[in-house]
Amino acid sequence: QTCALPIYFVETDAQRHRAFLISYEDPSLTIVDADRKARHEKLGLSHAWGLAVDEQRGIVYITEIGKDTLVAYHEESGKTDTAPTGSMPAAVAVDKAADRIYVANYADDSVTVLDGMTLKPIATISVGHHPQALAIDSKRHRVFVANIHSNNVTVIDGASNRVIATVDGGTNPYAVAVDQESGRAYVANYGLQPVTKLVLSSLH
């Protein structure tokens with residue numbers, strides 16, 4: 001089966017053999033099970049932009065920029081909870097080791113930190129201009145925030161919720177990934193150089 005609208009983001013739950021799909025204009029969460037059958041959970045989403053999965057708890061997190069909220073969809077029960085975020089939450093990431101959820105707020109130039117158990121806000125951290133992507137290094141307790149309109153990446157210490165560095169991210173960094181073993185981080189850029197390896201020597 002296919003979605004009626006273009007797919008914006010895809011995440012998987014390897015433990016439960018499911019894939020999750022969202023589209024900016026689709027108010028539903030699409031779930032594809034191991035038998036490749038798709039179903040649509042009508043969650044009434046308002047411009048879904050970010051998606052992350054907590055496999056340990058079986059929770060799917062979805063940012064809604066139209067409501068400035070984070071939706072927590074429980075896979076087994078189908079119930080949903082919501083948590084407040086900043087303005088236009090663009091991305092969400094889960095730190096399983098620390099039991100923290102991070103939300104990048106595009107219009108607020110900030111990151112909201114939520115407790116994974118309660119969904120209560122713990123901290124709000126100022127970052128660069130228009131943060132659009134997040135990546136977690138759980139081994140070193142670092143959070144990488146790609147700021148698309150300030151051409152840099154903010155590095156947050158997850159233990160203290162403080163910014164420990166701001167590094168060059170290339171031209172308009174819009175995605176970021178971390179190698180969990182080495183701690184190396186990379187961003188995807190618009191422009192002539194599609195990928196930038198972040199210089200993190202000062203953090204060691």
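View 1. Strands (E, at least two residues) and helices (H or I, at least four) are DSSP runs, numbered from the N terminus. With a relative accessible area of 16%, Asn-152 is buried. Buried here means under 20% relative accessible area, exposed means over 50%, and partly exposed is in between (1.4 Å probe, protein chains only). Setting aside neighbours within four places in sequence, the residues in contact with Asn-152 include Gly-128, Val-145, Thr-166, Asp-168 and Pro-173; contact means heavy atoms within 4.5 Å.

A quick note on the model: it is predicted, so local features need pLDDT of at least 70 and side-chain atom pairs count only at pLDDT 80 or more, while totals for chains, interfaces and linings use all residues. Residues are numbered from 1 along each chain as its sequence is written, and side-chain values use heavy atoms, with hydrogens and water left out.

**View 2. Strand 6 between its two partners.** Strand 6 (residues 59–64) is mostly covered, with six of its six residues buried. Both faces are covered: Ile-59, Tyr-61 and Thr-63 lie on one side, and Val-60, Ile-62 and Glu-64 on the other. Strand 6 pairs with strand 5 in the antiparallel sense over five bridges, and Val-53 has Val-60 as its bridge partner. (Two strands pair if DSSP finds at least two bridges between them.) Four residues separate strand 5 from strand 6 in their hairpin, and Gly-58 in the turn has a positive phi of about 70 degrees. Strand 7 (residues 69–74) also pairs with strand 6 in the antiparallel sense, over six bridges, and here Glu-64 has Thr-69 as its bridge partner. This second hairpin has four residues between the strands too, with Asp-68 taking a positive phi near 55 degrees.

View 3. Gln-15 lies in the loop between strand 1 (9–13) and strand 2 (18–22). At 51% relative accessibility, Gln-15 counts as exposed.

**View 4. The Trp-49 and Tyr-106 rings.** Two aromatic pairs turn up in the structure. Trp-49 and Tyr-106 form a tilted one, 5.3 Å centre to centre with 50 degrees between the planes. The pair links distant parts of the chain: Trp-49 is in strand 5 (residues 48–54) and Tyr-106 is in the loop between strand 10 (100–105) and strand 11 (110–115), 57 residues apart. As for the rule, rings of Phe, Tyr and Trp (its six-membered ring) pair if their centres lie within 6.5 Å; planes under 30 degrees apart count as stacked, over 60 as edge-to-face and the rest as tilted. Trp-49 counts as buried at 12% relative accessibility, and Tyr-106 does so at 15%.

View 5. The structure's count comes to 12 salt bridges, where a salt bridge is a side-chain nitrogen of Lys or Arg within 4 Å of a carboxyl oxygen of Asp or Glu. Lys-67 and Glu-64 meet at 4.0 Å, N to O; Lys-67 is partly exposed at 46%, whereas Glu-64 is buried at 3%. Asp-13 and Arg-16 meet at 2.8 Å, with Asp-13 buried at 0% and Arg-16 partly exposed at 24%. Arg-140 and Asp-137 meet at 3.2 Å; Arg-140 is partly exposed at 24% and Asp-137 is buried at 0%. Salt bridges that share partners join Asp-13, Arg-16, Arg-18, Asp-33, Arg-39, Glu-41, Glu-75 and Glu-76 into one network.

View 6. Three strands form an open sheet in the order 17-18-19, with antiparallel pairing. Strand 17 (173–178) and strand 19 (195–197) are the edge strands, each pairing on one side only. Three bridges join strand 18 (residues 185–189) to strand 19, and Val-187 stands opposite Thr-196.
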